[in-house]
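My notes follow the structure.

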Amino acid sequence: MKIQPPLRDLPEWNALETHAAVVRPLHLRELFARDPRRGERFAAEAAGVYLDYSKNRVTEETLRLLVALAEARGLRARIEAMFRGEAVNTTEQRAALHVALRAERGEKIAVDGAEVVGEVHAVLDRMAAFARRVRAGEWTGSTGRPVRRVLNIGIGGSDLGPAMAYRALRHYARRDLQFRFVSNVDGTDFTEAVRDLDPAETLCIVCSKTFTTLETMRNARSARAWVAGALGEDAVARHFVAVSTNAAEVKRFGIDEANMFGFWEWVGGRYSMESAIGLSTMIAIGPERFHELLGGSRAMDRHFRSAPFERNLPVLLGLLAVWYNNFFGAATQAVLPYDQYLERFPAYLQQLAMESNGKGVTHGGARVEIDTCPVYWGEPGTNGQHSFFQLLHQGTRMVPCDFIGFCRSLNPLGDQHDLLMANFFAQTEALAFGKTLEEVRAEGVPERLAPHKVFEGNRPSNTLLLDRLTPAALGALVALYEHSIFTQGVLWDINPFDQWGVELGKVLAGRIAPELEGTARPEHDSSTNALIRRYRERK
């Protein structure tokens with residue numbers, strides 16, 4: 001891969017710095033007053049997602065300069081390299097080919113000369129056959145009773161993806177099947193997950209690419225002991241399946257290789273929810289609905305690959321994130337879904353964004369001289385309105401927001417969806433335009449209170465509006481953010497597909513664990529040593 005010059009050396013970057021000084025003093029009230037059709041012109045649509053980005057502190061010139069920066073960074077070539085299966089994960093010399101997980105049967109994508117789409121669909125077919133057996137009650141436990149409870153055991157992408165997808169698509173799930181998700185090595189997570197489950201009707205799905213992930217395997221062994229303790233050692237094979245690439249370890253655990261569902265080195269954990277890691281999702285919603293999920297992602301993939309940057313939804317979101325992060329000093333990004341089913345979507349995006357772009361070194365190994373990934377966070381509306389929206393509206397920090405809403409509710413209840421969406425639209429309007437001191441005074445507010453009721457506005461937001469929360473809609477949203485995050489990484493010249501930052505803590509934990517269990521003298525810094533001694537005295 002060609003070594004990129006530092007961003008600050010690019011004329012396109014310098015042009016944006018000059019332009020930002022012109023835009024910062026502008027208020028969204030002024031921008032809308034200048035252009036009565038701004039709300040219609042600053043919008044784009046693809047794969048069932050309508051994006052209104054008019055309430056951003058940008059002009060047409062801003063967008064032109066941002067697109068010029070993307071072109072100078074070779075974004076189009078990087079997109080093509082990813083879709084072709086090239087080793088865009090440069091530090092690990094691997095492809096990052098999550099787009100192949102949702103490629104149509106018969107498409108041709110190769111990694112190191114080997115065609116992969118056929119392999120993907122072979123796994124999907126095995127997953128579908130297994131899911132149908134479980135859903136039909138044909139897969140039985142060791143006592144002959146059908147499975148009615150599914151326990152997904154994983155961590156990181158092996159947990160956040162399936163857990164988010166299950167909650168998001170629960171409307172479509174079989175209600176006579178119950179799903180639980182265990183990830184934390186804290187024993188409380190496992191204990192509470194199985195407290196009211198019967199091992200005889202529980203299927204455990206152990207999700208670990210290497211089948212050696214510390215937290216996952218500790219929880220898997222606890223699950224194994226729970227099942228074997230109630231049903232005997234011979235029951236393990238009927239109550240466990242694996243999602244892994246390590247057949248030897250899977251077999252050693254006691255799982256039949258016939259019940260192992262594989263995936264590939266070119267699938268990163270946080271990009272894996274549509275691989276075999278999604279087995280619990282497929283069992284919950286059925287193979288047909290799972291393929292609708294893949295179809296939604298595929299539609300967004302095609303849009304990202306082909307659409308001009310100025311109308312490309314993932315590119316626009318990525319460019320706007322860079323704009324606020326690097327030219328306005330916005331350190332965080334709020335994601336606010338106005339649908340309770342998407343309660344875990346912000347947490348899912350936290351990992352997707354922050355594990356991908358939380359990097360300080362370029363592809364070439366040089367220190368990045370500018371800020372990279374903002375902190376992603378959020379909660380569903382309207383709960384967030386009664387929690388942290390005070391800061392969004394009147395705090396001293398600017399927080400760009402993504403609002404996600406749906407025109408039709410999956411659970412219509414009187415006028416409640418209209419009330420929900422009234423709040424949805426009102427919040428973006430209030431953030432953008434606020435309320436001036438003159439407007440507050442005109443309402444007759446006492447002078448001593450007037451400053452407290454001023455909303456300065458000019459707080460940027462994107463509005464993502466979809467028809468309904470379907471599996472296809474969720475797939476489109478997932479792919480939208482995947483590609484937006486990739487776009488940001490290309491501009492910053494960082495590798496969004498490795499995660500070395502999670503390694504050091506694991507290594508140190510491996511050193512500390514024996515020190516907590518025995519009497520070995522801890523040999524760390526004075527703070528860590530003192531904490532370990534105190535813990536050992538009191539545990």
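I looked up the largest pocket: it is lined by 38 residues, and Lys209, Thr213, Gly269, Gln499 and Lys506 lie nearest its centre. For a pocket I use an open set of points on a 1 Å grid over the protein atoms alone, where a 1.4 Å probe fits, with protein on both sides within 12 Å along at least five of seven lines; lining residues have an atom within 4 Å of a point.

The model is predicted: local features need pLDDT of at least 70, side-chain atom pairs count only at pLDDT 80 or more, and totals for chains, interfaces and linings use all residues. Residues are numbered from 1 along each chain as its sequence is written, and side-chain values use heavy atoms, with hydrogens and water left out.

I noted a volume of about 880 Å³ for the largest pocket, a volume being the space filled by probe spheres set on the grid points, which are joined across faces, edges and corners. Its lining has 13 nonpolar, 15 polar and ten charged residues (nonpolar: Ala, Val, Leu, Ile, Met, Phe, Trp, Tyr, Cys and Pro; charged: Asp, Glu, Lys and Arg; polar: the others, Gly among them).

I then turned to the second largest pocket, which holds about 400 Å³ of space. Of its 16 lining residues, Gln340, Ser409, Asn411, His417 and Leu420 are the closest to its centre. I recorded seven nonpolar, eight polar and one charged in that lining.

Last, I checked helices H14 (residues 313-327) and H19 (residues 471-492), which pack at about 50° with axes 8 Å apart. Helices here are DSSP runs (H or I, at least four residues), numbered from the N terminus. Axes are lines fitted to C-alpha atoms over the stretch in contact, and angles run from 0 to 180 degrees between N-to-C directions; contact means heavy atoms within 4.5 Å.

Terms used
Helices (H or I, at least four residues) and strands (E, at least two) are DSSP runs, numbered from the N terminus.
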